Amino acid sequence: MYRVLLVLFSFAFLMMIFEPYTDVGFVEPLSVVLLAILLFVLLRKLFNKLKKLSEKTLKIIIASAFIVFVGFQVISVSQAQIQIFGDPWHTLNQALRLSKGIDVWDPWVQYYPNLLPFMGLQFLFIKLSSFLNVSYYVVFYAFTILINTSIWAVLVGLIWHKKAYLGAFLSIVMLLIPMNYDFILRIGYTDGIAILMLSLFAIVLNLTLKDKRFPMKRFIGLTIIFLLAYLARPNVIVVVVALLIFSLVAYFNQEKYDEIWKSFLKMFLACLIGIVLAMGVSRGLASAMNYDLNDPKVFPTVNWFYESLNFESMGEWTATDRNYTLLHPGYATAKEADLSGIKSRLTDLVKAPWKIPVLYTVKFASLWSCGTFATGTDYQLFSQMYHWSHAPSFLVENIGAINIFFETYAKALMGLFLLAIVLEIKKRREISASLFGFSILIIIGVSLFHTFLWEVKPRYQYMTIGLIMVAGSLSFKNFFEQTPHLVKQKFKNKKNIWYGLIALSLLSIGLMSTVMRLQTEQMIVVNSQFQPLDNYTPGSAKFNLAAHEQLIQKVHLANNADEFVLQSQSSDPFQLIIERQEKETWKKVYSQNVPALQMETQIKHHFMKGNYRILIKNPTADKITISAMTDTEVLDYPNKISQGDQKLSLGFQFSQNDLQNKYPFGLIMVFALLDLLLIILLKKTLL
């Protein structure tokens, strides 16, 4: 089996390094290779220095790293926020609806009962924020920072007990991983909980391997861990398969493992009980929320199998597949339609057998195509645009280039972890009942689950990031010590390596300056509140504006904008005015009369960065009815309209006409300087 894992991890490594197409655009592959070499050189120097330090010093380093880590997370969530969409938006607004006693269900949530646990968590946050009289996002971000920090505390603690310097090394790597400051913090979802539970599972396994016991308190603890893991991500069921493999390995090698196979079977049983309990909790949540699990709108599980066989989308979710299921109303009818669709797609694959390896190879490759595992775009990049609520000017203006840089960097860093794992598998030449063996089985198990059984997208692999860190950390000693020797054996003439790096650098810069600049450019939204005007039924939320009254919504533009779009419908004509703050006064920069019933008003005008006010005035002697978002308790937009005791928000967007190239010359210069640093660092070694 180790050969299979060796091949799969080797393929994952190659895709991570050389696959140019990512969620943020095309990444120049040679820049990934060069940056990976630079990171190897720098991390190896760090690794060797940490090996020489005392445990007391290493503990200080770890404590300092975590203080900095928490600070970075707070800065991340406080200084930049993007409007989200999709699953997290639907569940959040449904949770708000339930908290107000409104028993009307969002159809999206009705389709997918697997969203209930996350929605229940959001409901709890809403109630807690109300009780504490603070913003929902104070509670939400406190929780996500706690989860994210706990993940790394568990991982660093686990590795520390293997080798103290490895724990310190991992705590520094923790600060350098861009994914730590994005998806888990801003979106939340269940990925963080799944990663934490798998990390805790690894600790339980490590304890069992160490003392070869599995007492009742550990059994209960593991049952709870797996219950939460299954609620978060049902694909953790691959752990059950891994435990069966471990049981067999240990049983047939009792001279090596004694009777630890019995402990593995107990762990297996604890997981099964956890699954049963998780199903019971899901039904309990549904009952408490008056959610009908037998509602005809509920999607059958086979829908995901149907989606996974879509050759045109290579197994990714599509609106077409969703609509196919929706066109067959009723659970039984939809299930029958999906089964028929599965049969049809399997028949098509059998008729064209070449499609089978292509489909599954591409699906597997997709999971390992992004260094960030698409955590910077999923539920955030809407129609190729980031809809900023607030963010620093530099981030807004250069988001396309920043994404490319961090994607290149993340691919290089994850590539190193995968290469270290590949070399460690090659060295061990067996699948042993060990922490390393468990980690690699789960990592690949999740990949194979989505490759063969489920829909696929890069973020689904992200739930294994903790185990990638564990397996990689356990591989670094061999990786940093043996790799230089392997390179020296492969290349007898060291000058050829140095000259080769110079050639690669020049070629990389050439490709970035030409081919890579041809890709689709980045659209820039400066500031936006793009959510539907009503949380429940679009267009139904109304606000009565009295005669000659006005609504005022403040907006801060961190950058210049060239276009303004207002999404608000009125029963009668109204006057739209946009004012800019100049010192202590507000100066009118644009005004327009908007006719009745017009849903979208588009304005071409140059807006300089600064503070603005959007005014909607009722010029009539009678009240008029304006469409506006009236339920804003969970709307993460900093400036809302205060109208008496009510908080409102308009739907609007400030954007730029000019598109930004994802490979501007400033970014190319950054890569050129990094290449130069690599060449200088290696000059003394190679010449």
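1. Glu-481 is partly exposed in this predicted model, at 27% relative accessibility. Its salt-bridge partner is Lys-477, and the closest N and O atoms are 3.4 Å apart. Lys-477 is likewise partly exposed, with a relative accessible area of 37%. Both residues sit in helix H22, four residues apart, which is about one turn of the helix.

2. The whole structure holds 17 salt bridges. One of them joins Lys-100 to Asp-631, with 2.4 Å between the closest N and O atoms. Lys-100 is in the loop between helix H4 (87-99) and helix H5 (107-111), and Asp-631 is in the loop between strand S15 (624-627) and strand S16 (641-643), so this pair ties together parts that are 531 residues apart in sequence. Lys-100 counts as partly exposed at 35% relative accessibility. Asp-631 counts as buried at 11%.

3. Asp-378 and Lys-457 form another salt bridge; here the closest N and O atoms are 3.0 Å apart. Asp-378 lies in the loop between helix H18 (355-367) and strand S4 (381-382), and Lys-457 in the loop between helix H21 (435-452) and helix H22 (465-490), so the pair ties together parts 79 residues apart in sequence. Both Asp-378 and Lys-457 are buried. They belong to a network of salt bridges that also links Asp-191, Arg-233 and Arg-459.

4. Strand S14 (residues 610-617) is largely enclosed by the rest of the structure, because six of its eight residues are buried. S14 pairs with strand S9 (residues 550-557) in the antiparallel sense, over eight bridges. Within that pairing, Lys-554 has Arg-613 of S14 as its bridge partner. S14 also pairs with S11, again antiparallel, over six bridges.

5. Ile-578 has Tyr-590 in S12 as its bridge partner. The two strands make a hairpin with two residues between them. Lys-583, in the turn, has a positive phi of about 60°.

6. Now the surface. Leu-128, Phe-131, Leu-132, Val-134 and Val-138 form a nonpolar patch, with about 480 Å² of accessible area together. Helix H6 (residues 116-132) gives the largest share of this patch, three residues. Phe-131 is in H6. This phenylalanine, Phe-131, counts as exposed at 69% relative accessibility.

7. A patch of positive charge gathers Lys-45, Lys-49, Lys-52 and Lys-684 on the surface. Lys-49 belongs to helix H2 (residues 29-51). With a relative accessible area of 59%, Lys-49 is exposed.

Note on methods: Residues numbered from 1 in each chain as written. Predicted model: local features only at pLDDT ≥ 70, side-chain atom pairs only at ≥ 80, totals over all residues. Heavy atoms only, no water. Patch = residues over 30% accessible without salt bridge, like charges linked within 9 Å, V, L, I, M, F, W, Y side chains within 5 Å. Areas by Shrake-Rupley, 256 points an atom, 1.4 Å probe, with all protein chains shown as cover. Salt bridge = Lys/Arg side-chain N within 4 Å of Asp/Glu carboxyl O. Lys, Arg positive; Asp, Glu negative; His and termini not counted. Charge placed at Lys NZ, Arg CZ, Asp CG, Glu CD. Buried < 20%, exposed > 50% of the residue type's maximum accessible area, 1.4 Å probe, protein only. Pairing = 2+ DSSP bridges.
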